[in-house]
Amino acid sequence: MSGACRACLARSWLLARLGGHLDLVRAQLGQLLTLADGDLIDAVGGEHRRVLRRERDRLDTAAQIDAARIAGVAMICRCDGGYPARLRELEAQPAVLHVAGDPERLVALAAQAPVAIVGSRRASDYGQEMAR
């Protein structure tokens with residue numbers, strides 16, 4: 001796996017940067033995630049559009065890659081041949097997968113019939129029981 005390319009890292013950064021803006025348009029999120037970066041900025045960036053474009057254009061992807069490496073996090077971008085095939089089928093697949101641990105294991109597990117549970121860090125007893 002080759003890691004992450006500039007375009008995918010920029011997309012990942014942009015979605016993180018627009019997080020608060022995207023909350024305001026949650027009902028349209030599926031459609032918005034299919035937009036190109038510039039169109040997404042135009043759609044939800046509001047008065048911050050110019051700043052967001054400038055920040056995106058100046059994004060230091062080498063620093064992002066170094067920080068991930070130092071933290072022991074592997075990155076798999078959707079341009080990488082090792083990106084899980086089932087995720088490629090999504091209309092708005094994640095630009096970059098950040099993997100703590102062995103990225104090959106993630107790819108192998110994703111090729112099967114995986115189940116993911118996303119939720120609270122302090123799950124209730126009921127939530128833990130339902131997850132089991």
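Leaving aside its neighbours within four places in sequence, which residues is Arg56 in contact with? The legends below take up that question and then visit other parts of this predicted model.

View 1. Setting aside residues within four places in sequence, Arg56 touches Arg6, Ala10, Trp13, Asp37, Gly38 and Ile41. Is Arg56 buried or exposed? Its relative accessible area is 16%, so Arg56 counts as buried, the cut-off being under 20%.

**View 2. Helix α1 packed with helix α5.** Here we have residues 6–17 as α1 and residues 49–57 as α5. Their axes lie 10 Å apart, at an angle of about 145 degrees, and the crossing is right-handed. From α1 come Arg6, Ala10, Trp13 and Arg17, which meet Val51, Leu52, Glu55, Arg56 and Asp57 of α5. Sorted by class, this contact holds four nonpolar and five charged residues, with no polar ones.

**View 3. The largest nonpolar core, with eleven residues.** Its members are Ala10, Trp13, Leu14, Leu18, Leu22, Leu32, Leu40, Ile41, Val44, Leu52 and Leu59. Which elements give two or more residues to this core? They are α1 and α4, the latter spanning 37–44.

**View 4. A closer look at Leu18, one of the residues of the largest nonpolar core.** With neighbours within four places in sequence left aside, the contacts of Leu18 are Leu40, Val44, Gly45 and Leu52. Among them, Leu40, Val44 and Leu52 are also listed in that core.

**View 5. Both ends of helix α6, residues 61–71.** At the start of the helix, look for Asp60: one of its side-chain oxygens comes to within 3.3 Å of the backbone nitrogen of Ala62. Just after α6 you will find Gly72, with a positive phi of about 75 degrees.

**View 6. Gln93, in the loop that lies between α7 (85–88) and β2 (96–100).** Which backbone oxygen does the side chain of Gln93 reach? It is that of Arg88, at 3.2 Å. Beyond four places in sequence, Gln93 is in contact with Arg78, Tyr83, Leu87 and Arg88.

**View 7. Arg121, in the loop between α8 (103–110) and α9 (125–131).** Arg121 has a relative accessibility of 87% and therefore counts as exposed, the cut-off being over 50%. Between the C-alpha atoms of Arg121 and Asp57 there are 35 Å, and along the chain these two are 64 residues apart.

**View 8. Stepping back to the chain of 132 residues.** The chain has nine helices and two strands, and from the N terminus its elements follow the order α-α-α-α-α-α-β-α-β-α-α. Taken along the principal axes, a box of roughly 45 × 35 × 30 Å is filled by the C-alpha atoms. Buried residues make up 27% of the chain. Of the contacts with a separation of 6 or more, 57% come from residues 24 or more positions apart.

Methods. Residues numbered from 1 in each chain as written. Predicted model: local features only at pLDDT ≥ 70, side-chain atom pairs only at ≥ 80, totals over all residues. Heavy atoms only, no water. Axes fitted to C-alpha atoms, helices over the stretch in contact; angles between N-to-C directions. Helix = DSSP H or I, 4+ residues; strand = E, 2+ residues; numbered from the N terminus. Left-handed = near helix turned anticlockwise from the far one by under 90°. Contact = heavy atoms within 4.5 Å. Nonpolar A, V, L, I, M, F, W, Y, C, P; charged D, E, K, R; others polar. Core = buried A, V, L, I, M, F, W, Y, C linked by side-chain atoms within 4.5 Å. Buried < 20%, exposed > 50% of the residue type's maximum accessible area, 1.4 Å probe, protein only. Polar contact = N/O pair within 3.5 Å; in protein donor to acceptor, adjacent residues only side chain to side chain.
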